[in-house]
Each structure stands twice: as C-alpha cells, then as structure tokens.
Amino acid sequence: MAEKKSSVLKNTLVLFAVTLVCVLALAVVNQVTRGPIEQAEINARAEIYKNVYANANSFAQIDNTEELLEKAPEVIASAGLDGCFINDVLAVNDASGAVEGYVIAATSPSGYGGDIQVAVGIKDGTITGFEVVANSETAGLGSKCTEPDFTSQFAGKPAARLEYSKTGATEDNQIDAISGATITTNAVTEAVNAAIIFYQDSFAGGVQAEEEKDPMEKAYPDVDLDALTDVEIPSLSVVEDFTVDEIKSTGDGYIFVVTAHNGYDGDLQIALGIGDDGIIKGFSTIVCNETKALGGQCTSDEFAQMFVGMSVDKDVTFVTSGAQTENNEIDQIASATITTKAVVTAVNGAIKYFNIMKGA
C-alpha cells in the first residue's frame, strides 16, 4: 500500500514538473513572439495611415495610449466638439527610434450620411497630411471629401483649430469648403479639429486658447475695423420682432447689427455683412442667452458659414436638414427651433433694411 502511494506521488511530481516546463516554455515563446506580433499589428494600422505622414521611418505604440484615449472625450467636448472621438493614435519614429510626430484617427458624427473618420499626421505643430478613412457621404457631393483637390489642402496647415470658407480660404487656418456639401465639410473639419485638440492636449503642452475675432470682422472678413463709418438707420412705420441697432459702412458694403426679440431665452443679437453686390459676406452672433448645448450652437463658426454666399434677393429660411445655399436655406439647429427662428428673424431684418437702402 505504501509502495502504491509512493508511485502516485512520483507520477504527480513528474506531471507537475512537465507542466511547469511547458508553462515556462510557453512564457518564453510568448515573450519572444509578443514583440513581433504587436509590431505587426502596429504596421497593419499604420498601413491605413501612411499616406498622411510621408517618409515615416516607422510607427510605434504609445505606452499610455489607453489613458490618453480615455481622457480624450472630455477634452474634446470641452473644446465644443461634442460627439467627436479619437479612434487611434500612433507615434512616428525617426531613424534613431526617437518620436518625431504622430498619426491620429478621429471621427465626427455630423456627416450628412453619418460618421466620418479621418486620419491626420502632425509633426512639430504642422499637419503633414490628411485622409478620409471612412465615410457614407453622397456620391458626387460629400464623397468629394476623399478627392485630392480637397484632401491636399491640409498638408502644411498649422495644428491649430481649422475653419472652412465657402468663398475661398484666405487665412492659414482655413480650407475651401466642398461646393454643395457644407454638412460634409463641417463634419470633416470637426474630426480634424478633434485630432488637433487631442494632439495639443496630449503632446504639445495643452489645448491652445482660440483667438477671438471681433464680431464685425466675422461678419465682414478682412474688413478694416478702423475705417468703418456709421450709417443712418432708415425708419419703419411697422413694429417688427427685431430691432436694427446700428449699420456700418465698409466702403464696399454694410454690416448690420440686429437684435431679434423672439429668442428662446431673451433677445439675440447678430451682425451680418452684406456687400454692395447683394451677397452675404459673413455672420456672427454677438449676444446669445440660449442653452449652450442647444441654441448656443448659433455662435459656432460652422453655423455662421451657412449664410456666406447667399443672395439677399429673397429671405432666408431654415430646413430640418440638407439646406442649400442657393435656395437661401440653413439647417435648423437640432432641438433648437426657436433659436433658429430668432436668428433667421434677425438676418431677414438685416436683408430688409439693406434692400430699403438700395431701393429694392
């Protein structure tokens, strides 16, 4: 009986020893292969992004990637880009193995057909390249966001918040909008700005404060503020739900400061620039008491751009989605019909006074 117990113990010890050797062997194999496997995964991801960082020597995982991605939504939301998020980030190494730049993938939910995901390369505070990774935009319109005529604009731009122009980019931080696809352009710009904000916060010492432009300059880009002159406001016999507070001459047009009295939370004041050619040059919100996440969106550059290029031969209207500039339509601010209506009231008030002054 003792002999049998001894045999069982011996077999158990042998089995334990064999198992231990196997476990150790697997651990060694795993340690040896983990590096190449991880690098293969990184290379597969980098294959998608390589077009945005020309001549990259190699790509590498960032040690605290999970921590950075976890923190990103709050940082991006605080910059006014709610709903945007970071999909991925990789470091770009030089020949010595030192980090020289980054590739960041980001997504905006605001596309006409849904999410738009982009990849952006950044080195020393400058964008090295841009590409749309995934989109569901309309063929022949929003889908042009993937074409070189559009994507090539981003390389060389500073890694600071970008904006788009429907009348031709004139500033370092501007790109040309896709004709007839403002919603797509806006979504792409949102995604790129989310990537830029993430870069600034994670690798460039913190998010840069935006330089605030004068409302008059927003309403009439490149205007000489010192050369503005007051214009007498025509009188109207009919009481309106808006008030024209002042009119300024720019020399080749006018800036109208108008207050609408039908906002969701009180008066709403805007400035609208109209050229002598009857084309809207720009828009800005001066006073807004609306809820930040809802009606407050009327203060955004993206909202302002919807007015640019409209002709004042007819009033502005708003639609639920799919607005067309040539029809003088803007998209309603989601869940903020009253605010949108107030903005349109003020804009149409400016148009009315412009046409009175021009004898139309």
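Predicted model: local features only at pLDDT ≥ 70, side-chain atom pairs only at ≥ 80, totals over all residues.

Visitor: What makes β2 and β3 a pair?

Guide: Two strands (E runs in DSSP of at least two residues, numbered from the N terminus) pair if DSSP finds at least two bridges between them. β2 (residues 85-93) and β3 (residues 99-111) have eight, in the antiparallel sense, so they count as a pair. Along the way, A91 stands opposite Y102 in β3.

Visitor: How do you know that β4 is paired with β3 and with β5?

Guide: By the bridges again: eight join β3 to β4, and seven join β4 to β5. Both pairings are antiparallel. I104 has V120 of β4 as its bridge partner, and K123 has T126 of β5. A hairpin through two residues links β3 to β4; the hairpin of β4 and β5 also has two residues between the strands, and there D124 takes a positive phi near 50°.

Visitor: Why are β1 and β5 said to stand at the edges?

Guide: The open sheet has five strands in the order β1-β2-β3-β4-β5, with antiparallel pairing. β1 (58-60) and β5 (126-134) each have a single partner strand, so one side of each is left without a neighbour in the sheet.

Visitor: What makes β4 largely enclosed?

Guide: Buried means under 20% relative accessible area, with a 1.4 Å probe and protein chains only. Seven of the ten residues of β4 are buried, so the rest of the structure largely encloses this strand.

Visitor: Which strands does helix α4 touch?

Guide: α4 (residues 182-203) packs on the sheet and touches β2, β3, β4 (114-123) and β5. Contact here means heavy atoms within 4.5 Å, and a helix is a DSSP run of H or I with at least four residues.

Visitor: What kinds of residue line the second largest pocket?

Guide: Its lining divides into ten nonpolar, 13 polar and five charged residues. Asp, Glu, Lys and Arg count as charged; Ala, Val, Leu, Ile, Met, Phe, Trp, Tyr, Cys and Pro as nonpolar; and the others, Gly among them, as polar.

Conventions. Residues numbered from 1 in each chain as written. Heavy atoms only, no water. Axes fitted to C-alpha atoms, helices over the stretch in contact; angles between N-to-C directions. Buried < 20%, exposed > 50% of the residue type's maximum accessible area, 1.4 Å probe, protein only.
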